[in-house]
Amino acid sequence: TFLVRTRDLRDLHTTMMMMMMSSSGASFSSPSILRARRNNTLKHGRFCASSSSLSSSSSGTHRKRMRRTSSSAKSAAKADEETSETTSATTTTNTSKSNQNEREAPLTTVAISGATGFVGRKLTEKLLNEGTKVRVLTNKSNKVRARLALGLKSAFNPNVSVYKWETITGKLEWTEAIRGCDGVVNLAGAPVATRWDKKYKETLVNSRLGCTNRIADAINKLPEKERPSLVSASAVGYYGTTRKDEAWTEARGPGGDFLASLCEKWEKAANKAKTNVTVVRTGVVLEKGGGALGKILPLFYLYSGGPVGSGTQWVSWIHREDLVDIMIMALKNPKKFKGVVNGVAPEPTTMNGLCEAIAKATNRPNWLPAPGLAVRVLLGEGATVVLDGQKVVPEKTMEKGYQFKYSDVNSALDAIVNGP
């Protein structure tokens with residue numbers, strides 16, 4: 001039993017490391033389309049003036065009453081005009097609010113690196129459902145395998161095309177793939193699902209910087225007016241870790257550990273692109289069928305679920321649907337979303353809170369914790385990702401107009417476990 005639990009802990013840790021590091025494509029990978037709110041229109045008040053028929057009256061009285069009637073009609077007309085102006089102004093304001101999240105033109109073509117991962121597959125699927133063409137940027141030597149990795153819903157869609165970085169002829173297909181795109185989404189990077197050593201740390205860094213630099217270079221080679229916007233993944237690991245009950249926003253500086261350094265370098269590489277760049281610092285992505293819940297849920301269903309470590313460490317999480325919608329919103333509003341946004345829900349939780357929400361959604365007990373010391377012995381330096389966290393909030397994300405579908409972890413887990 002101990003060996004099984006130990007193996008489960010190792011799998012859980014590596015999965016959570018992936019989600020804490022990034023929403024990346026082939027390494028870590030996200031159903032509803034953003035709904036625009038309909039404007040409420042004011043009902044015009046109608047004013048009318050009428051005069052009663054007089055059976056018999058003197059001409060003077062008739063003229064006075066006619067003057068009064070004329071005056072009433074003028075007043076009514078003036079009131080109606082003022083009401084129309086007010087309604088027009090209100091409608092214009094409401095329309096402006098509705099249109100502020102709309103791109104000048106609809107998305108026609110988007111290039112994605114890391115499209116075959118947990119988040120990338122869902123992003124690809126949603127863009128295709130909106131009628132957008134998707135160009136998959138891959139390092140895979142076999143285009144067929146890359147296409148199949150997208151899943152059955154997207155693999156055979158005629159609006160999907162696959163571009164390799166290098167070919168036998170030496171042609172750089174990514175450069176041509178990015179030409180003509182409205183935006184590029186960068187999610188790729190080497191998997192974090194392994195025990196780190198010095199050599200593999202270099203792989204983690206080089207895979208992210210190499211891919212991001214290629215994309216930035218390809219964008220910069222295009223004429224300024226033809227350059228697509230860039231939405232590039234990062235992670236809340238940028239901020240380091242803390243056990244304090246202190247909410248960190250996008251204004252917080254970088255931490256001092258390995259993951260913080262990696263994220264900082266990753267973001268600098270993305271910002272080399274001379275275009276509108278949005279960096280999305282992603283937390284733990286929640287959805288069934290993959291990510292952290294792909295390992296946690298089976299434990300709870302087997303009545304062996306429980307928190308890792310003390311349970312008091314912070315977990316900054318996000319439902320995959322919200323993360324994908326934030327990225328699409330950034331693609332549609334590149335100027336508005338320029339800069340850094342946190343891809344986390346407005347209400348962070350703790351490890352205890354996350355496990356309690358899972359237990360409630362699955363109707364299973366939350367009773368078998370994993371001691372922190374055992375986790376550190378098994379995982380070494382990488383254990384900090386699970387045993388230490390950070391309380392991150394999406395201040396800029398919400399300021400830019402994104403409205404979360406899942407703000408609290410209980411509603412998110414209920415939808416994931418018990419939803420369609």
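The questions below concern a predicted model.

User: How many helices and strands does the protein chain hold, and what percentage of its residues count as buried?

Analyst: The secondary structure of the protein chain comprises 15 helices and eleven strands. The chain has 420 residues, and the share of them that counts as buried is 50%.

User: Where is T242 placed, and is T242 buried or exposed?

Analyst: T242 lies in the loop that runs between strand 5 (229–235) and helix 8 (258–270). Its relative accessibility is 14%, and the cut-off for burial is under 20%. T242 therefore counts as buried.

User: Which residues does T242 touch, and which residue has its backbone nitrogen 3.1 Å from a polar atom of the T242 side chain?

Analyst: Leaving aside residues up to four places away in sequence, T242 touches W248, W314, G389 and Q390. A polar atom of the T242 side chain also lies 3.1 Å from a backbone nitrogen, that of K244.

User: What span should helix 3 have, and how far apart are its end C-alpha atoms?

Analyst: Helix 3 covers residues 118–129, which is twelve residues. At 1.5 Å a residue, the helix should span 16 Å. This agrees with the separation of its end C-alpha atoms, which is 17 Å.

User: Why is helix 3 described as largely enclosed, and which residue with a positive phi follows the helix?

Analyst: Ten of the twelve residues of helix 3 are buried, so the rest of the structure largely encloses it. The buried residues include F118, V119, L123 and L127, and also K122, E125 and K126. After helix 3 comes a residue whose phi is positive, near 90 degrees, namely G131.

User: How many aromatic pairs does the structure hold, and what is the geometry of the pair formed by Y238 and Y239?

Analyst: The structure holds four aromatic pairs. In one of them, the rings of Y238 and Y239 are 5.4 Å apart centre to centre, with 90 degrees between the planes. Y238 is buried at a relative accessible area of 9%, and Y239 is buried at 2%. The geometry of this pair is edge-to-face.

User: Why is the pair of Y402 and F404 assigned its class?

Analyst: The ring centres of Y402 and F404 are 5.0 Å apart. Y402 is buried at 3% relative accessibility, as is F404 at 12% relative accessible area. The ring planes of Y402 and F404 stand at 90 degrees, so the pair is edge-to-face.

User: Over which rings do the charged ends of K201 and R208 sit?

Analyst: The charged end of K201 is 4.9 Å from the centre of the ring of F258, over which it sits. For R208, the charged end is 5.1 Å from the centre of the ring over which it sits, that of W266.

Definitions and conventions
Residues numbered from 1 in each chain as written. Predicted model: local features only at pLDDT ≥ 70, side-chain atom pairs only at ≥ 80, totals over all residues. Heavy atoms only, no water. Helix = DSSP H or I, 4+ residues; strand = E, 2+ residues; numbered from the N terminus. Buried < 20%, exposed > 50% of the residue type's maximum accessible area, 1.4 Å probe, protein only. Polar contact = N/O pair within 3.5 Å; in protein donor to acceptor, adjacent residues only side chain to side chain. Contact = heavy atoms within 4.5 Å. Expected span 1.5 Å × (residues − 1). Phe/Tyr/Trp six-rings, centres within 6.5 Å; stacked < 30°, edge-to-face > 60°. Lys NZ or Arg CZ within 6 Å of the ring centre and 35° of its normal.
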